[in-house]
Amino acid sequence: MTSDSRANGVRLTLLTHPATESLVTSTFPHDDPLLPAGLRAAKDAAARLTAYRSAGWRCGPALRCRQTVAALGATDVSIDDALDECDFGSWRGRTIDELAAADPSGLEAWLTDPDAAPHGGESVRDLLYRATKWLDEVGTGPVRTVGVTHAAMVKAVLVVALSAPPAAFWRLDVAPLTRTDLSGRPGSWTVRRTAERLAPAPAPAPAPE
């Protein structure tokens with residue numbers, strides 16, 4: 001690494017894992033695997049990421065993230081607990097609709113109050129703090145880093161990078177198998193690409209006759 005490259009900051013790419021059963025059913029996830037279609041999509045996307053082979057790769061510990069890096073063909077990958085999914089506590093394995101019926105006040109609090117953690121896990125503010133600490137650490141590391149993680153973590157990173165209010169977390173939409181690029185250093189980040197799909201969007205269902 002040269003002093004010039006460090007002066008220009010680091011380049012960070014965040015990749016979200018492809019679809020899982022939890023994503024399809026709007027369920028707060030357990031450690032579920034990728035769907036077969038998601039696994040195929042990641043393998044198909046590998047050719048678009050060859051320029052990143054020399055980067056320092058990090059991966060969240062969840063099975064779906066580890067399956068993603070394997071499908072993308074990345075070999076020298078560090079497991080990074082800071083890239084794990086938001087901790088949804090007692091809500092893991094429960095659907096949004098189920099919680100809307102069983103705990104409507106808790107769900108409403110989670111969706112509106114950054115400090116709320118009705119599930120006993122992480123609040124949005126806790127997740128933003130984790131993202132802040134991770135960006136500070138990555139910003140002093142290798143010039144180019146790729147992180148394979150979850151949509152919630154990417155949203156948290158974007159909120160921190162843009163110095164947006166915590167409530168902006170719920171105003172961001174990050175799809176499965178997308179690429180988000182940033183550059184900068186601790187406390188000063190520029191978002192260069194946001195949630196670009198690495199696979200075609202699913203075709204809409206045919207209209208009923």
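Student: Starting with Phe-169 and Trp-170, are they buried or exposed?
Tutor: Phe-169 and Trp-170 are both buried, where buried means under 20% relative accessible area, exposed means over 50%, and partly exposed lies in between, using a 1.4 Å probe and protein chains only. This is a predicted model, in which local features need pLDDT of at least 70 and side-chain atom pairs count only at pLDDT 80 or more, while totals for chains, interfaces and linings use all residues. Residues are numbered from 1 along each chain as its sequence is written, and side-chain values use heavy atoms, with hydrogens and water left out.

Student: How many aromatic pairs are there?
Tutor: The count comes to 5 aromatic pairs, taking rings of Phe, Tyr and Trp (its six-membered ring) as paired if their centres lie within 6.5 Å, with planes under 30 degrees apart called stacked, over 60 edge-to-face, and the rest tilted. One of them joins Phe-28 and Trp-91, a tilted pair with 5.2 Å from centre to centre and 50° between the planes.

Student: Where in the chain do Phe-28 and Trp-91 sit?
Tutor: They lie in distant parts of the chain, 63 residues apart: Phe-28 belongs to the loop between helix H2 (21-24) and helix H3 (36-45), and Trp-91 to the loop between strand S3 (77-79) and helix H5 (96-102). Helices (H or I, at least four residues) and strands (E, at least two) are DSSP runs numbered from the N terminus. Both Phe-28 and Trp-91 are buried.

Student: And what kind of pair do Phe-169 and Trp-170 form?
Tutor: Phe-169 and Trp-170 form an edge-to-face pair, with centres 6.1 Å apart and 90° between the planes. The ring of Phe-169 also has the charged end of Lys-155 sitting over it, 4.3 Å from the ring centre; for this, NZ of Lys or CZ of Arg must be within 6 Å of the ring centre and within 35 degrees of the ring normal.

Student: Which residues are linked into a cluster by ring pairs?
Tutor: That cluster is made of Phe-28, Phe-88, Trp-91 and Trp-110.

Student: Changing topic, why is Arg-64 classed as it is, buried or exposed?
Tutor: Arg-64 counts as buried because its relative accessible area is 3%. It is found in helix H4 (residues 63-72). Leaving out residues up to four places away in sequence, Arg-64 touches His-17, Thr-20, Pro-29, His-30, Asp-31, Asp-32, Leu-34, Glu-85 and His-150, where contact means heavy atoms within 4.5 Å.

Student: What about Asp-136, then, and what does it touch?
Tutor: Asp-136, in helix H7 (residues 124-138), is partly exposed, with a relative accessible area of 33%. Not counting residues up to four places away in sequence, Asp-136 touches Pro-186 and Gly-187. Asp-136 and Ser-188 are 52 residues apart in sequence, and 9.6 Å separates them in space, C-alpha to C-alpha.

Student: How many residues of H8 are buried?
Tutor: In H8, 9 of the 11 residues are buried, so this helix is largely enclosed by the rest of the structure. Among the buried residues of H8 are Ala-152, Met-153, Val-154 and Lys-155; Lys-155 is also the residue whose charged end sits over the ring of Phe-169.

Student: Which elements do those buried residues pack against?
Tutor: The buried residues of H8 pack against H7 and against strand S1 (10-16), strand S4 (144-149), strand S5 (178-185) and strand S6 (188-197).

Student: And what follows H8?
Tutor: H8 is followed by Ser-163, which has a positive phi, near 55°.
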